[in-house]
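Work through the exercises below with the sequence and the 3D structure at hand. Each task is followed by a solution in steps.

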Amino acid sequence: MDPVSVGRAARLFRRGQGVLLIVGLGAAILGTVPEIDAGYGFALMAATLSAALLYAAEYAVRLCQAPLDAAGGDTGDGAAANAFRLCLRWAASPLGLIDLAAAVPLPLALSLGATPQAARVFGILWALKLVRYTPAFGLVARVLRNEARALFGVMVGFLIALLAIATGGYLLERGSGAAGFGSIPGALWWAIVTVTTTGYGDLIPATFAGRLLGGFAMIGGIALFALWAGILASGFAQEVRRRDFLKTWNLVARMPLFSTLGAATIAEVARLLRPLEVAEGRTVVRKGQPGDCMYFIAAGEVEVRTETGPVTLGPGGFFGELALMTGEPRTASVTTTARSTLLQLDVADFRGLMAGQPDLVRIIDAEAARRGLAASVPAADAVPGR
Ligand code: CMP
């Protein structure tokens, strides 16, 4: 099968899996509503059992496929033992466990004598499959792993605060007659409800000191959750930045324009460039407009509409540099003729980069001359604002 057909088949398979998940999960959930079950019980049960059957079959196929996927189709010497080991490794992986949870409980419950109505509750486990289709979960898991120490530290602080507040509540309220403060475990419920600012209102301190403690607990609780949210937010930002940097680094390292630079310089350049995915037919640069950035083409193709006719630029090419060099408006419009990956360089970073990379200056200068343009990259100290 050619790569295009493979891509199409994979897309179709993913869509089919999405439909199966929606239909199966919907049927398992709606089947528990008595009014709906009374009218559509047969169809819902048929959909639930079909989904269960398909998930069991999918698990079996993935298990058999695991050794081939892991070894790239070759399980090597001692093939049987090796294949078994690879099967086990996949089965114990997070995705393998999710597929197991989706495939086994419902058929197992049926085979142990549960009624279909009772067994379909296990269909809720199919929701776990969403993890498989949501790459962002990988990001969440990574952030939690990276920030585990800080989160654990805040969690321990949280537990200590809860105990202290529960003990304070017990000491201040035990003689007041207020319900629920007769013991530290009893007051712990009040402490949890107060620190999390849930406030059911089932336990209320009667003394002034008890209420004061409650007020501090609420404010402290908000601060604690803010701290937790802050740790997670900065963890996410760091992880996204790291991924973007790796992606840009790879794109930059592959471009002939930067291939002569060492790894450290490529890293420096990658920090300045912002990758952009641009759909086909989009005008990236418009003639006559002021320019505040230039673009390097990592993948795809653009068309420059010059006065002498269209010029096509492909991977490794660049455009938009003239407005930055001369301070004049854009000399031509540039439109993507295919889906393209561009690396955007802002004017301030352009100046910094040119000042530190004489090789790059020479390349851009030569390209401008080749394009038949009068402009030339000025010396580092002559570019305005450098
Ligand atoms: P700028 O003038 O900033 O914006 C339009 C860009 O099109 C220009 O920079 C060049 O990068 C590019 N460009 C202009 N003329 C040509 C040409 N003849 N060949 C290739 N690219 C060009």
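**Exercise 1.** Sort the shell around the ligand by residue class.

Solution. Start with the class rule: Ala, Val, Leu, Ile, Met, Phe, Trp, Tyr, Cys and Pro count as nonpolar, Asp, Glu, Lys and Arg as charged, and the others, Gly among them, as polar. Applied to the shell, this gives eight nonpolar, three polar and three charged residues. In this predicted model, local features need pLDDT of at least 70 and side-chain atom pairs pLDDT 80 or more, while totals for chains, interfaces and linings use all residues. Residues are numbered from 1 along each chain as its sequence is written, and side-chain values use heavy atoms, without hydrogens and water.

**Exercise 2.** Find which side chains make polar contacts (pairs of N or O atoms within 3.5 Å) with the ligand, among Glu-321, Arg-330 and Thr-331.

Solution. Step one: a polar side-chain atom of Glu-321 is 2.6 Å from a ligand oxygen. Step two: for Arg-330 the distance to an oxygen of the ligand is 2.8 Å. Step three: an N or O atom in the Thr-331 side chain lies 2.7 Å from a ligand oxygen. As for cover, the ligand taken alone exposes 450 Å², of which the protein buries 94% (Shrake-Rupley method, 1.4 Å probe).

**Exercise 3.** Count the disulfides (pairs of cysteine sulfur atoms within 2.5 Å) and explain the result for Cys-87.

Solution. The count is zero. The closest cysteine sulfur to that of Cys-87 belongs to Cys-64, and because the two are 6.6 Å apart, they are too far for a bond.

Terms used. Disulfide = S-S within 2.5 Å. Polar contact = N/O pair within 3.5 Å; in protein donor to acceptor, adjacent residues only side chain to side chain.
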